[in-house]
Amino acid sequence: MTDTIEIPGYKVGSWTIDPSHSEVSFSVRHMLISKVRGKFEKFDATFVTAPNPLETSVTATADVASVNTNDENRDGHLRTNDFFDAPTHPQLTFVSTGVRQQGDDFKIDGDLTIKGVTKPVTFDFEFGGFGTDPYGNYKAGFSAKTEVDRNEFGVNWNAALETGGVLVGDKVTITIDVQAVLQP
């Protein structure tokens, strides 16, 4: 038997991302001394909330060619086969396989596909709340975060540094900040 939880303001339905109030970003160690941050400028997702919030489902995509780290040369390199291989694998995808409550926290389990490789991941989910915007749209806000080893997805290019270590770290933190709109 699945536990049912109560969330004030929760509504059943299909939700889409409000792109002007949402972001899909990542960070990775650079030279093992600092972090480089980037984001995907084009992304989409659909959330279907069920009567039981723990049965909510998510499908999401990010357009690899829209990667932006504020450095055109680096972004161009990220689109090549050394990293994302945008011509062959134009999208990153996530499909949820379950939502669960762990103490006071929520987890979203699912399958993440990068560069044609699919692996299970778990996002830590932080719920922001619900509200109606000035135009009458009912919205939900939340953040989700996970860490993946890029090598497990075939994203394994690197360069050794003369001082020791490597140019790009293995662990990548993916952060999603979303404002979703309930569809009529």
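## Starting from Thr-118

Thr-118 sits in strand E9, where helices (H or I, at least four residues) and strands (E, at least two) are DSSP runs numbered from the N terminus. The model is predicted, so local features need pLDDT of at least 70 and side-chain atom pairs count only at pLDDT 80 or more, while totals for chains, interfaces and linings use all residues. Residues are numbered from 1 along each chain as its sequence is written, and side-chain values use heavy atoms, with hydrogens and water left out.

Thr-118 counts as partly exposed because its relative accessibility is 45%; buried means under 20% relative accessible area, exposed over 50%, and partly exposed in between (1.4 Å probe, protein chains only). Not counting residues up to four places away in sequence, Thr-118 touches Asp-111, Leu-112 and Thr-113, with contact meaning heavy atoms within 4.5 Å. From Thr-118 to Leu-78 there are 40 residues in sequence and 19 Å in space, C-alpha to C-alpha.

## How strand E1 pairs

Let's turn to the strands. Strand E1 (residues 13-17) pairs with strand E4 (residues 43-49) in the antiparallel sense over 4 bridges; two strands pair if DSSP finds at least two bridges between them. Within this pairing, Trp-15 has Phe-47 of E4 as its bridge partner.

E1 is also joined to strand E11 (residues 168-182), by 3 bridges and again running antiparallel. Here Thr-16 stands opposite Val-181 in E11.

The largest pocket has a volume of about 730 Å³. A pocket is found on a 1 Å grid over the protein atoms alone: where a 1.4 Å probe fits, it is an open set of points with protein on both sides within 12 Å along at least five of seven lines, and lining residues have an atom within 4 Å of a point. Grid points are joined across faces, edges and corners, and a volume is the space filled by probe spheres set on the points. The largest pocket is lined by 41 residues, with Phe-26, Phe-40, Phe-84, Val-172 and Ile-174 the closest to its centre. By class, this lining has 33 nonpolar, 4 polar and 4 charged residues, where Ala, Val, Leu, Ile, Met, Phe, Trp, Tyr, Cys and Pro count as nonpolar, Asp, Glu, Lys and Arg as charged, and the others, Gly among them, as polar.

The second largest pocket holds about 370 Å³ of space. Of its 20 lining residues, Tyr-10, Thr-49, Thr-56, Phe-125 and Phe-127 lie nearest its centre. E9 gives the largest share of this lining, 3 residues, and the classes are 17 nonpolar, 2 polar and 1 charged.

## The nonpolar core

The largest nonpolar core has 41 residues, and Phe-40, Phe-47, Phe-84 and Leu-112 have the most contacts inside it. Such a core is a set of buried Ala, Val, Leu, Ile, Met, Phe, Trp, Tyr and Cys residues joined through side-chain atoms within 4.5 Å. E11 supplies the largest share of this core, 6 residues.

Leaving aside neighbours within four places in sequence, the residues in contact with Phe-84 include Phe-40, Val-64, Leu-78 and Ile-114.

## Two positive phi angles

Most residues other than glycine have a negative phi. Met-31 has a positive phi near 60 degrees and lies in the loop between strand E2 (23-30) and strand E3 (34-40). Asp-85, in the loop between helix H1 (72-78) and strand E7 (91-102), has a positive phi of about 55 degrees.

Met-31 is partly exposed because its relative accessible area is 34%, whereas Asp-85 counts as buried because its relative accessibility is 12%.
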